[in-house]
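Me: I'm new to this one and would like to go through it slowly. Could you take my questions as they come?

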Amino acid sequence: MTPPSIPQKGKKPRQNPSSVRNNPPPQGVLALSWQAIDEAAKDLAFSLGAPDHKPDYILAVANGGLVPSAILKHALRVDSIGAVQMAH
């Protein structure tokens, strides 16, 4: 087995996380920090009526929506959450 630091034939080497952060996102992609995602999800929960309103269910979209949905689940004290995968 080849150590992870040596790229295997036909595979791209892993990028250094610091170099990934320094590159701008592709056109049409909005890059958000974890803090921004957390704040946006909590703002959404507040606008939906948290803590007075408790939905029966949250449906998460798996293409980037699982973490915000989990934050909403906790902020709204929802018991059930489901996920769907979108094809593109």
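Me: What follows α3, and is its phi positive or negative?
Reply: α3 is followed by Arg77, and the phi of Arg77 is positive, near 55°. Helices here are DSSP runs of H or I with at least four residues, strands are runs of E with at least two, and both are numbered from the N terminus.

Me: Before I go on, what kind of model is this, and how are residues numbered?
Reply: This is a predicted model, in which local features need pLDDT of at least 70 and side-chain atom pairs count only at pLDDT 80 or more, while totals for chains, interfaces and linings use all residues. Residues are numbered from 1 along each chain as its sequence is written, and side-chain values use heavy atoms, with hydrogens and water left out.

Me: OK, how many helices and strands, and in what pattern?
Reply: The chain has three helices and two strands, and along the sequence they follow the pattern α-α-β-α-β.

Me: Back to α3, which residues there are buried?
Reply: In α3, which spans residues 66-76, Ser69, Ile71, Leu72 and Leu76 are buried, where buried means under 20% relative accessible area, exposed means over 50%, and partly exposed lies in between (1.4 Å probe, protein chains only). They cover an arc of only 160° around the axis, which puts them on the same side of α3; the arc is taken from the directions from the helix axis to the C-beta atoms.

Me: And what do they pack against?
Reply: The buried residues of α3 pack against α2 (34-47), β1 (57-61) and β2 (80-84).

Me: Changing topic, how many salt bridges are there?
Reply: The structure holds two, a salt bridge being a side-chain nitrogen of Lys or Arg within 4 Å of a carboxyl oxygen of Asp or Glu. In one of them Lys42 pairs with Asp38, with the closest N and O atoms 3.1 Å apart, and both residues lie in helix α2, four residues apart, about one turn of the helix.

Me: Where does the salt bridge of Asp79 and Lys54 come in?
Reply: The side chains of Asp79 and Lys54 meet at 3.4 Å, N to O. Asp79 lies in the loop between α3 and β2 and Lys54 in the loop between α2 and β1, so the pair ties together parts that are 25 residues apart in sequence.

Me: Are those two buried or exposed?
Reply: Asp79 is exposed, with a relative accessible area of 62%, whereas Lys54 is partly exposed at 44%.

Technical notes: Contact = heavy atoms within 4.5 Å.
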